[in-house]
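Please keep the structure open beside them as you read.

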Amino acid sequence: MILRIIVFLACLGPLSGFSQEAVWKKHVVHEGFHTNTAVAADYTGDGKIDIIANNDKKTRLFVAPDWKETVISDSPKHGLIHSEAFDVDGDGDPDFIGARYSPGLIFWLENPGGEPTGLWKEHLVSEKLNGIHGLLAGDVDMDGKVDLLANSAQPVGTDYPVSLAWLPIPKDPRHAMSWEVNIFANKDAPGLTHYLGLGDVNGDGRPDGATGAKGKPALDGNYFAWWEAPADPKALWKKHLIAKDQVGATNIHPADVNADGKCDFIASLGHGKGVVWFEAPEWKRHDIHATIQEPHSLIVLDFDGDGDQDAATCAFGSKEAYWFENDGKGSFTNHLVAKDQEAYDIRASDLDGDGDLDLLIAGRGSRNVAWYENPKR
């Protein structure tokens, strides 16, 4: 199933190398529509990784390996900006979780299991947040169950303006009217926050949260920050500024970049320029790719199997996708994955079943859903 940062990022020893000249083969899943989000998982239970994407206010399931399309939701209110996939109802198959930016809406679609048969049943998660740009799955309260993190970036239209939240799955999600909203950043995440990161930043064994705020036109943005989780995750979390004057800040993920045992951050300025990392404990900024334009999406994973944390992005300004190879000490080599491919969302999953991570990209301006085959093997 799709890989994502949940709580902790391990740092292992070297395992293997990667050819710098390797070409990532493009596979087009769907084209013709502006697409903001796509997420991969084995939705049909046949051992192959499928894809769900949202475009044209329809949510579509593409079944591997031929990407046969089935519309699983055709609600006119479902113009989505982000999504997640995990087993909400505990029946053993992944469900789809979608977010509309404004007016804020989070819902989940119940996977009926097996071969697609039409529309999936829709359930409300929450209408209490507004300006929902990022969703993230993670075990916030460390009870062994997946929770959902979301932002509420707008200063209006909600009881929780410029805030960050986490929502546990209800005991009976199929019949719950909505999910409990726990605000961990209460009105102290201004400036149009985007995506979320989760990991143990301070080494106390609890997962902390992080985000970036893009700024313009919100004058109090352009920063990266993390929020320290208390013993009771339902209490308010303490905000710590990582860096200010980060024009267009959008994505940030915790990772021990240089193998010194401290938690650093890898980040992108998705409405500005550059992919960077911040070195703990003083948060010294290092450029990974200084000139890439609007790298709106970002994932942090080990792409070459050598035990350290690499990264990947797709930029809607440069119309290029890259993966960034970490040497284990915080020095990165930039590898071009694709040209003429616009961004919005990027994920990693073993889409061809060969044991390595491929890249799945939802192309907004490219009006496509495409995946790029990892040439490592």
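1. Rings of Phe, Tyr and Trp (its six-membered ring) are taken as a pair if their centres lie within 6.5 Å, and planes under 30 degrees apart count as stacked, over 60 as edge-to-face and the rest as tilted. A search of the whole structure finds six aromatic pairs.

2. This is a predicted model, in which local features need pLDDT of at least 70 and side-chain atom pairs count only at pLDDT 80 or more, while totals for chains, interfaces and linings use all residues. Residues are numbered from 1 along each chain as its sequence is written, and side-chain values use heavy atoms, with hydrogens and water left out.

3. In one of the six pairs, the ring centres of phenylalanine 184 and tryptophan 237 are 4.2 Å apart and their planes meet at 35°, so this pair is tilted. Phenylalanine 184 belongs to strand S13 (residues 182–185), whereas tryptophan 237 lies in the loop between strand S16 (223–228) and strand S17 (238–244), so that the pair links distant parts of the chain, 53 residues apart; strands (E, at least two residues) are DSSP runs, numbered from the N terminus. Both phenylalanine 184 and tryptophan 237 are buried, a word that means under 20% relative accessible area (1.4 Å probe, protein chains only).

4. Phenylalanine 303 and tryptophan 323 have ring centres 6.2 Å apart and planes at 55°, so this pair is tilted. Phenylalanine 303 counts as buried at 2% relative accessibility, and tryptophan 323 is buried with a relative accessible area of 0%.

How values were computed. Helix = DSSP H or I, 4+ residues; strand = E, 2+ residues; numbered from the N terminus. Buried < 20%, exposed > 50% of the residue type's maximum accessible area, 1.4 Å probe, protein only.
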